[in-house]
Structures are given as C-alpha cells and as structure tokens.
Amino acid sequence: SRTQHFVLDLIKDLGLEIYPQYTSGWKLSHLGGPDNNIRSYYFNIPSISVLALIDLQLFIWKIERLRKKVAVRKVKYCPQAAEFDSITVTEIERYHSNYPYKAKECVDLACRAVFGMESNVMSFLYFLMYSSASGGFMPLVEATYGSAQEFRIKGGAQQLSERLADSIGRENILLNSAVTAIHQDLNKVEVRTKSKYFLCKKVIVSCPPHLAAKIQYEPSLGTERHYLMSKTLVGHMIKFIVTYETAFWRDMGLSGEIVNRSTIEYPICVTYDATSSEGNPAIVGFISGEQAVIWSQATVKERESKVIASLTKFLGLNALFYIHYEDKDWSQEAFNGGCPVSVMAPKMLTSYYPGLRYRHDSIHFAGTETADVWCGYMDGAVQSGRRSALEVLIMLSFKDKSLLPNNSTVTSNSQDEQGRRGCWRFSKWHLLGATALTIVFLWHLGKKNMNLKTDPIPNFMLLST
C-alpha cells in the first residue's frame, strides 16, 4: 500500500520495483448455502440483499467509529477497553446488530482472509486495534487505492529477504541454528543453540511470540510476558498459486478476485490475480481458518484437486487447463508455525499486550506483532526492526560511543535538537504566562487611571493644598 511507508522505503533502498495489483473487471462471490448462486460485483462489498447490505455498511461505520478510539500504543486507555476485550468479534455481531446471515458471513469471511482465524476466538478490542493500525477496516480487505494489497513487488516479495541477506553478507547469517536459550547478566548476553553459543551485548528477538516463548530465558522474562507470548493464537493459512498459459479470466471481464464461503468441497477463501510483472498468468489464493486446519492434514494432491475444483466452479472449464500448482502450509514450518499474524484472545490485550514491545534488560523485541502501524504486515515488521535497532544503538552509544563513530554525531545533534525543543516548550509557556500577567497588570493599571480621572479629589488633598 502507498500508506506502508517503511516497507516502501526499504524497497527503494534495495533497488526493487513495485507494480499495481490487477483489479480491473468484475469480482465473484459465493455466500450463503450451497444452493445459492455465484454473484458478481464491481465495487468493494460482495453482492448481497439490500437489507443485508445496509446492515453491513452500518456495521462497517460502527467499526470505523470505534476503532478511532483505540490507540495502538495505549490500548488500555480506550474508554470501553475492558468491555471490548471481554467479547469476541462474533459476540459483537450478535449483540450490536440484527443484520441477516449473509452480512455476518461477510465479516466472518473477512476475519479468515485477514487473520487466518475464525471470528469467534478473537478479541473485539484486538480487531479494533488491528484496524486502527492499518488506517481502517476496509484497507485490510481491499486491493484498491491505499489498501493492503494495492501493490506487488517485481520478482516476488522474497526479493526483500534475498537482497537484505546480500547486503548483510550471507556468511553472517546462520541457518538451521534455532536458538534454545538466552542467558544474560550485567555485562553480556549468551545466546545458545544446540551446538554453539555466542556472546554479545544486546539481543533482538524478532520471531513470532508463540515461538519466542519456546526459548529458555535466564533470568526469566516474568510471568506476564511469558503468558502473553505462549498464549497468543497464530493464524492458519495455506497459500496456493496456480499458473496458466493465458489470463483467460481477464478475457472474461473478471479481475480474478473471488470471495467464497469455504466448505469441504470448495475450501478456498479468497483469490487474486497473481500475473507476474513479466506477464506470466497465475491465480493466488488462500485456504484459511478452520478449513486450513482440516486441509492441513490432507496431501498436496488432495488439496490441489479441491482448489482446481473451486476455481472451475467460479471461472469455468478453462481453470482445468493449468500449468502448475504449488501450495505452502505455513503451519508446518518449524520456525513459523502459522500465518499471517499472532492474534489476541479476549482478556489478553488489557492485561498483557502493552508489554509485548518492551525490552527486558539486554533483550529487545521486534516482529510485526509489536508494530504500531500495519501490524501483521511486512510494513509493521520493518517498522519494528527499525525501532528495536534504534533502541540497541542508543543504549550502546551511551555505554561506549566508540562503538558508533558514525552515529555519535547524529545522537548528539538529536539530543541538541531535543534540548532546543525542550527550551522552546519552556520558553513558550513562560512567555504565555508572562503575557497573561502583563495583560492583567495593564488592565488594572488602566482601571486605576480611569478612577483617578473620574473620582472627586479626596479631602486630605484639599486640606494639604
């Protein structure tokens, strides 16, 4: 998205290019029971009945109104934080709206597509916070101007990792070396793997919270942080991509975007046109939530069969003539365990979340879950990386400025600038106070002079003359 400034800056720094997500044409949806027809729509919201559409729009407006009360860094200060964190998204649907089933299904489908999770296990306060961090609910689910899926990276998003690895030096990256323990004292930090250990001054832990909880920390991080990291719920998605000889859906006037009520027979949740910048046609999509849990136990061939059947249902017989099918079950990744983001269940945000990004002595924490803009996305991951790196640089510079010869001047300038701003704030308020006192003084002085001009001359003055 054009609003994801951190990752866009990184893309520019790495010499990569972006191009817009293809969205021209009609979108397709299938909501309701199996007997309902596939319907097409052109704008943001799937084609549903007028009554359901009105109620869904009212619900979206309510989300927008409520999420503006939730500051990502100060979640607990939301006036209704305790209430919203005690219920799930499903419960807010039930308690605050009477809209028909299809409208509810749109919200549930959005939760699967965005979080990889069902709406009945996610805190409503977390839902609002996540929306607030992205500038609203609709940017999360759209591929239009300013939305999450607005742009794609030429050559694929993996180019970010590849070029970062090149810039760091691949010899400095240790693969297949899972950290098992982090021990720290006043002077050093010891990071251990199964076969090696490393000594350093600072450590940044950037893996997802549920994986960070598997590391042994000495001294302990504390009960609250450990509970938070171990109890976060990770989303579940299976991503697939199907390549074709031609983008036949474009010839049919379709955008390639499909939203579907996932079932065992047709498990896909959402798809997009994934045609590369070189013009190689493809459809990318996801199996999400409960269906991802079910189909994670199937073989790749079984999933391939159902995905192609689903695409054929929406796009016709041309979908059968594909070149290649590939999918990725992120829950099977040892160093990931799911995607796209760790989600908070009820009662966790108000009790534990504020401490997720705080350092523990010499251990600093990053990761997209700790971001305060676009958390859950690459932009949030980049922002959190910059924040944690800056924390480490500042702390090291205070202890030993020779470690940061190129940044010592910047730090001093930054402190001078902060000092100037601090002096300006001091002077500004004192100036304001002095001005107020001067006005009051002049007013009293003017009043006194007027009284001298209008009052009769006192007797003691007449006698003296």
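1. Across which strands does helix 5 lie? Helix 5 (residues 101-115) lies across strand 3, strand 11 (237-243), strand 12, strand 13 (270-273) and strand 14 (282-288), and runs at about 85° to strand 11. Helices (H or I, at least four residues) and strands (E, at least two) are DSSP runs numbered from the N terminus, while angles, from 0 to 180 degrees, are taken between N-to-C directions of lines fitted to C-alpha atoms, for helices over the stretch in contact.

2. Helix 13 (residues 300-315) packs on the sheet as well, touching strand 2, strand 11, strand 12, strand 13, strand 14 and strand 15 (contact means heavy atoms within 4.5 Å), and its direction makes about 115° with that of strand 12.

3. This is a predicted model, in which local features need pLDDT of at least 70 and side-chain atom pairs count only at pLDDT 80 or more, whereas totals for chains, interfaces and linings use all residues. Residues are numbered from 1 along each chain as its sequence is written, and side-chain values use heavy atoms, with hydrogens and water left out.

4. The sheet is open and mixed, with 7 strands in the order 3-2-12-13-14-11-15; two strands pair if DSSP finds at least two bridges between them. Strand 3 (39-41) and strand 15 (324-329) are at the edges with a single partner strand each, so one side of each has no neighbour in the sheet.

5. Strand 2 (residues 26-30) pairs with strand 12 (residues 254-260) in the parallel sense over 4 bridges, and W26 stands opposite L254 in strand 12.
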